Amino acid sequence: MPNYFETGDYPLDLKHDGLRKGRSARDGYARGWGLEYGGMREEVLADSVYVDAMSLAHGRTIQAEPCRMNLFLLAKYFLPRVLEQSGTASGSIFEFGSYRGGSAIFLAAVCRRLGLPVRVYGLDTFEGMPPTDKAVDAHNAGDFSGVDLAELRAYVESSGLSDWLEFVQGTFEETAPAQLGGAAPLLLAHIDCDIRPAVAYSYEAIRPWMVPGGYVVFDDAHSSSCLGATEVVEDLVIRRDGLNCEQIWPHFVFRLWPHGESVESGSNQTSELAELEYRFRIQRLEGERAFASLTADRVQHKHDQNLLELGATRSRLEQVLLQLASLEAAHSELDLAHSKLQATRDGCLSDLQQTRARLEQTQLGLTDIEAAHRRLSEAHEHLEQQVSMARSSRWLGLGRLLGVGPEFKLAK
Ligand SMILES: C[S@@+](CC[C@H](N)C(=O)[O-])C[C@H]1O[C@@H](n2cnc3c(N)ncnc32)[C@H](O)[C@@H]1O
C-alpha cells in the first residue's frame, strides 16, 4: 500500500503537522479514519506483509481485525521513525496479555518481514487471569486458561521467529521488571490484558523504559467488557499524567515524550511538556533505581543460594568420604573371604581327585569280581553236568545189574 504517512498525502486534510498536546493528530486521523472510512482496510488486506504475518497468527488470536490492522500500520510506518529519532540501534515491543500468542506472533512476523531490529516479548501467565477487581472488572480469575505454552513455543521455533519473539510466563509483576530492564529500548507497548490491576501495573511498568515518542496501545480500554481498563486510562493516563490520545479508534493510542520536543512554540504546552519531561526523567530514574535494586537483591539472593549450596555440597562430600572409608573396609573383608574361598576350593579339588582315583580302582575291582563270578558260574554249570552224567551212569549200571532197562530210573 502507498505510504500516505511519509508523503503527507493523508486521507483527511489537516493543517497541523508535528505534535499537539504530545500527539500527532494527523497521524491518528490518518490511521483511524483511514481504516474506518478511508478504504485503508482493503489496502492493508492486499499488503503481502500483512497477509503473510496474518497467516502465521491465524487461529491463535482473539484480537479484533481493526486493532490488528492499526498495529500493522504502527509497526510498518511509525516504528522505523521512532527507531530513527531515538537513535537506538535496536528496540523492543512488549505485549501485556498474549493468551494463545496470535497478536505477538503477528507483530514479530511483521518486524521480520520488514527487517526491523525489534524483538517482541509476549508476557502472560498462560494459565488464565489472576484475581480481578470485581468492583469494575467483568472478567474473572482463571479466564483465558487452557493455553498449551510448550506447543506455542514450538510453533515459534518452527516458524523461524525465535530471533524476533519470546514468550515469558508469569504474572506481569513477576516477570516485567527484569524483562524490561534487560531488553532493548521500548518502542511500543501493547497492553491487552482487560482488567484494572493488570492494565494499571503494565502502564506503570513500561513508562520508565519507553523511548521518546514511543507508542502505548490500550487494546481494550474502549471495550464494553473492560471498564477496569477504561478506568486506568481515565485515572492514570489522562487525569494523573495529563496525556491526550493520538487515537481512540480502533483502540487507544498514546505517546510518551520524555523530552517534550516538537511542540508549538509560544504555547503553554512548552511548560506542560517541560514538566512532563521532568516527571518522565524522575520516573525513568526511579525505574532504573528499582531495576538496580532488583538486580542487587537478585545477586545477593544468588550469593546466599550459592553459600547454601556450598554448605550442602561440603556435607555431601563428607558423607561420600565416610562411605568411601566403609567401602574400603568392606573391600578388604571381601579380599579375605576370597582367599578363604580359594583355599576351600583347592581342598575340594584335591578331595575330588582322590575320590575319582578311588572310584577308578573300585571299578577295576568290580570288573575282576564280575570275571570271577562268570568263571564260578561256568565251573558250577560244569559241575552240574558232571553230577548229572554221573547220576545217569549210576542208574544205568544199577539197571543192568538188576536186568531192567533204562525205564527203571524213570519208574523210580
Ligand atoms: C484478551 S487476552 C490477550 C489476547 C491476545 N493478545 C490475542 O492476540 O488473542 C488477555 C490475557 O491477559 C492475561 N493476563 C491478565 N492479567 C495478567 C497478569 N497480571 N499477568 C499475566 N497475564 C495476565 C490473561 O492470562 C489473558 O491471556
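**A tour of the sheet and the ligand site**

Begin by selecting β5 (residues 210–218), which is joined to β6 by five bridges, the two strands running antiparallel. Strands (E, at least two residues) and helices (H or I, at least four) are DSSP runs numbered from the N terminus, and two strands pair if DSSP finds at least two bridges between them. Within this pairing, V216 stands opposite F254 of β6.

The model is predicted: local features need pLDDT of at least 70, side-chain atom pairs count only at pLDDT 80 or more, and totals for chains, interfaces and linings use all residues. Residues are numbered from 1 along each chain as its sequence is written, and side-chain values use heavy atoms, with hydrogens and water left out.

Next, display the whole sheet. It is open, with six strands in the order β3-β2-β1-β4-β5-β6 and mixed pairing. Its edge strands, β3 (165–169) and β6 (252–256), each pair on one side only.

Then select helix α9 (residues 196–206), which lies across β1, β4, β5 and β6 (contact: heavy atoms within 4.5 Å). Its direction is at about 175° to β4; axes are lines fitted to C-alpha atoms, for helices over the stretch in contact, and angles run from 0 to 180 degrees between N-to-C directions.

Finally, centre on the ligand. Of the 23 residues around it, T61, I62, S103, D124 and D192 come nearest (a heavy atom within 4 Å). For polar contacts to the ligand (pairs of N or O atoms within 3.5 Å), select D192: a polar side-chain atom of this residue lies 2.8 Å from a ligand nitrogen atom. At G97, a backbone N or O atom lies 2.9 Å from a nitrogen atom of the ligand.

Methods:
A polar contact is a pair of N or O atoms within 3.5 Å; within protein, one must be able to donate a hydrogen and the other to accept it, and residues adjacent in sequence count only if both atoms are side-chain atoms.
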